[in-house]
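Please read them beside the coordinates.

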Amino acid sequence: MQVATIENATCDRASGCPVVRVCPSNAVGPAPGGAYPGANGWLVDEETCTGCGVCVRVCPTRSLSMHARAGTVG
Ligand code: SF4
């Protein structure tokens, strides 16, 4: 089982993040704080993420990657 992770160093922190819009599980939300949603980057809720991989394909800055869910293999 895989889950998505967002690399905060390359995320452009757009308030209209396309990854947030396309995630079918609503697993992506703003990091706490900041002047607007996303100002501090975006986070994937690993408990909600289903590992579909859609976000990896749509992120314009290629800031998402898939990895094994903690405690699982593959
Ligand atoms: S892998 Fe799928 S469910 Fe998980 S954050 Fe990306 S789009 Fe959402």
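Which residues are closest to the ligand, and how many surround it?

1. Ligand shell. The ligand is surrounded by 13 residues, and the closest are Ala 4, Cys 23, Cys 49, Cys 52 and Cys 55. A residue is counted here if its C-beta atom, placed from the backbone, lies within 6 Å of the molecule. The shell holds 9 nonpolar residues, 4 polar ones and no charged ones. In this scheme Ala, Val, Leu, Ile, Met, Phe, Trp, Tyr, Cys and Pro are nonpolar, Asp, Glu, Lys and Arg are charged, and the others, Gly among them, are polar.

2. Basis. This is a predicted model, in which local features need pLDDT of at least 70 and side-chain atom pairs count only at pLDDT 80 or more, while totals for chains, interfaces and linings use all residues. Residues are numbered from 1 along each chain as its sequence is written.

3. Fold and dimensions. The chain has 2 helices and 4 strands, in the order β-α-β-β-α-β from the N terminus. These are DSSP runs, helices being H or I of at least four residues and strands E of at least two, numbered from the N terminus. The C-alpha trace spans about 40 × 20 × 20 Å along its principal axes.

4. Core. The largest nonpolar core has 13 residues, of which Val 19, Cys 23, Val 28, Trp 42, Cys 55 and Leu 64 touch the most other members. Such a core is a set of buried Ala, Val, Leu, Ile, Met, Phe, Trp, Tyr and Cys residues joined through C-beta atoms within 7 Å. Leaving out residues up to four places away in sequence, Cys 55 touches Ala 4, Val 19, Val 22, Cys 23, Val 28 and Leu 64. Contact means C-beta atoms, placed from the backbone, within 7 Å.

5. Backbone check. Two residues other than glycine deserve a look. Arg 13, in the loop between strand 1 (2-6) and helix 1 (18-22), has a positive phi near 60°. Asn 26, in the loop between helix 1 and strand 2 (28-30), has a positive phi near 50°. Arg 13 is partly exposed, because 18 other C-beta atoms lie within 10 Å, whereas Asn 26 is exposed, with 10. The cut-offs are 20 or more for buried, 12 or fewer for exposed, and partly exposed in between.

How values were computed. Two residues are in contact if their C-beta atoms, placed from the backbone, lie within 7 Å.
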